[in-house]
Amino acid sequence: VINRRPPIDILFTDIRLGAGPDGWDIADAFRIFYRRGVVLYASAYSPGQIRRVPGSMYFPKPYRPSVVSGAITTLLASPRVEYPVT
């Protein structure tokens, strides 16, 4: 889906997605095409070090949906920055 480049403003992904790419890999791919997009991670998994793309936020599970919704509202209302690809 990301490679087809549909208009996407926000990526909200879990870190652990089972076999194949993880949420960090998905975020890296997203950032290549969506340099101004917002990336939100969520996970019950406690990694030793959180690997984030620039301009992202992490929400440990369990989280309150209102907190995530508030973050999305704030981030979309903020001036958009073009983040570098790492």
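Contact means heavy atoms within 4.5 Å. Among contacts in the chain between residues at least 6 apart in sequence, 56% join residues at least 24 apart. The model is predicted: local features need pLDDT of at least 70, side-chain atom pairs count only at pLDDT 80 or more, and totals for chains, interfaces and linings use all residues. Residues are numbered from 1 along each chain as its sequence is written, and side-chain values use heavy atoms, with hydrogens and water left out.

The chain contains two helices and three strands. Helices (H or I, at least four residues) and strands (E, at least two) are DSSP runs, numbered from the N terminus. From that terminus on, the elements follow the order β-α-β-β-α. The radius of gyration of the chain is 13 Å, close to the 12 Å that the globule rule gives for 86 residues, so the chain is as compact as a globular protein of that length. The radius is taken over C-alpha atoms, and the rule is 2.2 Å times the number of residues to the power 0.38. Along its principal axes, the C-alpha trace spans about 30 × 30 × 20 Å.

The surface was computed next. Accessible areas come from the Shrake-Rupley method with a 1.4 Å probe; for residues, only the protein chains shown count as cover. The chain exposes about 5,400 Å². Carbon and sulfur atoms supply 56% of that area. Buried residues make up 29% of the 86 residues in the chain. Here, buried means under 20% relative accessible area, exposed means over 50%, and partly exposed lies in between (1.4 Å probe, protein chains only).

The three strands form an open sheet in the order 1-2-3, with parallel pairing. Strand 1 and strand 3 are the edge strands, and each pairs on one side only. The twist averages 15 degrees from one strand to the next. Two strands pair if DSSP finds at least two bridges between them. Strands of a sheet pair through backbone hydrogen bonds, either parallel or antiparallel. Strand 1 and strand 2 pair in the parallel sense over five bridges. In this pairing, isoleucine 10 stands opposite valine 38 in strand 2. Five bridges also join strand 2 to strand 3, again in the parallel sense. Valine 39 has serine 56 in strand 3 as its bridge partner.

Strand 2 is mostly covered, with six of its six residues buried. Val38, Leu40 and Ala42 point one way from the strand. Val39, Tyr41 and Ser43 point the other way, and all are buried. Helix 1 lies across strand 1 and strand 2. Its direction is at about 175 degrees to strand 2. Axes are lines fitted to C-alpha atoms, for helices over the stretch in contact, and angles run from 0 to 180 degrees between N-to-C directions.

Alanine 44 lies in the loop between strand 2 and strand 3. At 60% relative accessibility, alanine 44 counts as exposed. The C-alpha atoms of alanine 44 and aspartate 14 are separated by 8.7 Å, and the two residues are 30 apart along the chain.

The structure holds three salt bridges. A salt bridge is a side-chain nitrogen of Lys or Arg within 4 Å of a carboxyl oxygen of Asp or Glu. One of them joins the side chains of lysine 61 and aspartate 14 (2.5 Å, N to O). This pair links distant parts of the chain, 47 residues apart. Lysine 61 sits in the loop between strand 3 (56–60) and helix 2 (65–77), and aspartate 14 in strand 1 (residues 10–14). Lysine 61 counts as partly exposed, at 37% relative accessibility.

Arg35, Arg36 and Glu82 are linked in a network of salt bridges. Glutamate 82 meets arginine 35 at 3.8 Å, N to O. Glutamate 82 lies in the segment after helix 2 and arginine 35 in the loop between helix 1 (23–33) and strand 2 (38–43), so the pair ties together parts that are 47 residues apart in sequence. Glutamate 82 also meets arginine 36, at 3.6 Å, N to O. Here too distant parts of the chain are linked: arginine 36 is in the loop between helix 1 and strand 2, 46 residues apart from glutamate 82. Glutamate 82 is partly exposed, with a relative accessible area of 46%. Arginine 35 is partly exposed at 31%, and arginine 36 is partly exposed at 44%.
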